[in-house]
Amino acid sequence: MFNPTLLQPKPKTLQWFIALTIMLLSAVKSYAQFPDSTIITVGARGQYSSSDYQPLWLVANKYGTVADQKGDFSPFIRASSRHVLANLGYSEDTVDNSLYLKFGGSLYANNYLKKAVLPEAYAILGYKNWALRFGRFQQITGDVDPQLSTGSLGISGNSLPIPKVDIAVTEYTNVPWTRGFLKFKGNFAYGWFGNNRYMKEALYHEKTFYMQMGRGRLKVYGGLLHVAEWAGKRGRISLDRSFKGFLDVVFVNEADDGSVGTDQNGLRPSRAGDQRGTLEGGMSYEGNTVNLRGYVQVPFESGEEVDYQNRSALLGFVVAPTDQELRLKKILVELLYTKEMAAWVFSGQRQTLYNNGYYKTGWEYEGMVVGTPLFTNRNRANKYFPEIVPYNWDAPNNSVIGNTNIVNNMLMAIHVGSIYQVTDAMVGKTLITYVRNYGSLKTGPFNPVKVQFHAGQEFTFKLPETKWDLKLGVGLDFGDLGTTVGGMLQYSYRVW
């Protein structure tokens, strides 16, 4: 029986890290029948900052692998292997027609070798674009640019991945009888949040569905992400985790899951669990000299926010030249606006993005925001304002106030990113972000507005005729929230 707590990061010693490394290498080597399908990489990362925390773009969107502290040294290992179980015959399209099994994992020893972090541990059974996935694996929802975006408003890759089992169509796949004009992708997942939060042993639900139209150079798409935290225990409280309770979450039913009674103070039962999501749409154009892509994400926390009046959105536009001789590979511009916070909704029903009054941890996992890293939780805000103290999730109920863990979710941001070839062996990436932070409905020290700049510069060197990669990064934050500058040096070696 799978125990999801095995995937929760726990403080361990260097001996623990070495033991798991040996186990991981032995397992991959034992099952790797085809060396070409097995990849094993070892390396280490060092970082240092002028403050007690890292600049945003040195810590954000790293799948929870970077410790947000003054300095660190972290060795790591990554391994994956893919094996064909059966070749199912000829395929008319370009998609691999084999049934395959892929598994892998990664392990980091953070905090100067004192804390083991397991950002990946997964197995995938797949056929063409269909996959049954199990464990903890990297994921970004929506069609935001995975290299340059500030981060999806759904699942951005900012925190450790939530362990889960899901069935997914990972890439756009033809809808029968449409001759490729209509395509779809999506997933349906059941997961575990663990105990490092207000509601212990809470469960996770996720589903996505996207449709794409077009056969030529111009394609448009639209879709939906829906996620929920449900069930859970705290003291004498044990919320509904039955199959019916699961269906209530899946279909967003009004239901008494134990948090709000059917006739408590004259209230109707609420929706089961803490539910949120994004509505999404966009287009892409494949030209002779340039590829263009635009996208929009609109977040919602309740049914009232699925409304034309909802102006909170992430807008992105990507330009990628097709000429391989050009040094510029890609440039992105994004605008994120969430200042209004559903102002048209009756105050008694207004939600505050990523927060919840009953599931008080909100849209956070293992101390980091799951969605856009431009939203600030109490852990990060404590670096700017010592009076904002991170919650102890094991503290008495009345010492943890609902709707207050994400302390800054009303903002306006302009973001620019680019990737370019510096030399044949060196690739550069630049991120520059301007943010006006307005706090939350309970503004605290973010009132009046706090203006902040975040910049990140990264160079990746692939050493010719070797298996060595070298990465150098610099980050700079300055503005009303303070100034910090940091650097990062990482090397990796492909063992196999």
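**Note on the predicted model**

1. Asp-143 touches Tyr-172, Lys-185, Tyr-221, Glu-280, Arg-293 and Tyr-295, when residues up to four places away in sequence are not counted. The model is a predicted one. Asp-143 itself sits in the loop between β5 (130-136) and β6 (164-174). Its side chain makes a polar contact of 3.4 Å with the side chain of Tyr-172.

2. Is Asp-143 buried or exposed? Its relative accessibility is 16%, so Asp-143 counts as buried, the limit for that class being under 20%.

3. The chain as a whole contains five helices and 23 strands. Of its 496 residues, 51% are buried. Among contacts in the protein chain with a separation of 6 or more, 63% are between residues 24 or more positions apart. The accessible surface comes to about 23300 Å², and carbon and sulfur atoms hold 60% of that surface.

4. The largest nonpolar core has 58 residues, and those with the most contacts inside it are Tyr-354, Trp-363 and Leu-374. Strand β9 (residues 218-234) supplies the largest share of this core, six residues. Another core, of eight residues, lies apart from it; Ala-381, Ile-388, Val-407 and Phe-446 are among its members. In soluble globular proteins, nonpolar side chains tend to be buried together.

5. Which residues does Leu-374 contact, leaving aside its neighbours within four places in sequence? They are Leu-56, Trp-57, Thr-150, Leu-336, Asn-408, Leu-411, Ala-413, Thr-433, Val-435 and Asn-437. Leu-374 is also one of the residues with the most contacts inside the largest nonpolar core.

6. Leu-85 belongs to strand β2 (residues 71-87). With a relative accessible area of 49%, Leu-85 is classed as partly exposed, because exposed requires over 50%. Not counting residues up to four places away in sequence, Leu-85 touches Leu-99, Tyr-100, Leu-101 and Leu-125. The C-alpha atoms of Leu-85 and Ser-98 are separated by 7.4 Å, and these two residues are 13 residues apart along the chain.

7. Strand β21 (residues 450-462) pairs with β22 (residues 468-479) in the antiparallel sense, over 11 bridges. Within this pairing, Phe-453 stands opposite Phe-478 in β22. The two strands, β21 and β22, form a hairpin with five residues between them. In that turn, Glu-465 has a positive phi of about 60 degrees.

8. β22 is also joined to strand β23 (residues 484-494), by 10 bridges, and β22 and β23 run antiparallel. Here Asp-477 stands opposite Thr-484 in β23. Four residues lie between β22 and β23, which form a hairpin. Gly-482 in this turn has a positive phi of about 115 degrees.

9. Glu-458 lies in strand β21. At 17% relative accessibility, this residue is counted as buried. Which residues does Glu-458 touch, not counting those up to four places away in sequence? The list is Val-427, Gly-428, Lys-429, Lys-471, Leu-472, Gly-473 and Met-488.

Methods:
Residues are numbered from 1 along each chain as its sequence is written. This is a predicted model: local features need pLDDT of at least 70, side-chain atom pairs count only at pLDDT 80 or more; totals for chains, interfaces and linings use all residues. Side-chain values use heavy atoms; hydrogens and water are left out. A nonpolar core is a set of buried Ala, Val, Leu, Ile, Met, Phe, Trp, Tyr and Cys residues joined through side-chain atoms within 4.5 Å. Buried means under 20% relative accessible area, exposed over 50%, partly exposed in between (1.4 Å probe, protein chains only). Contact means heavy atoms within 4.5 Å. A polar contact is a pair of N or O atoms within 3.5 Å; within protein, one must be able to donate a hydrogen and the other to accept it, and residues adjacent in sequence count only if both atoms are side-chain atoms. Two strands pair if DSSP finds at least two bridges between them. Accessible areas come from the Shrake-Rupley method with a 1.4 Å probe; for residues, only the protein chains shown count as cover.
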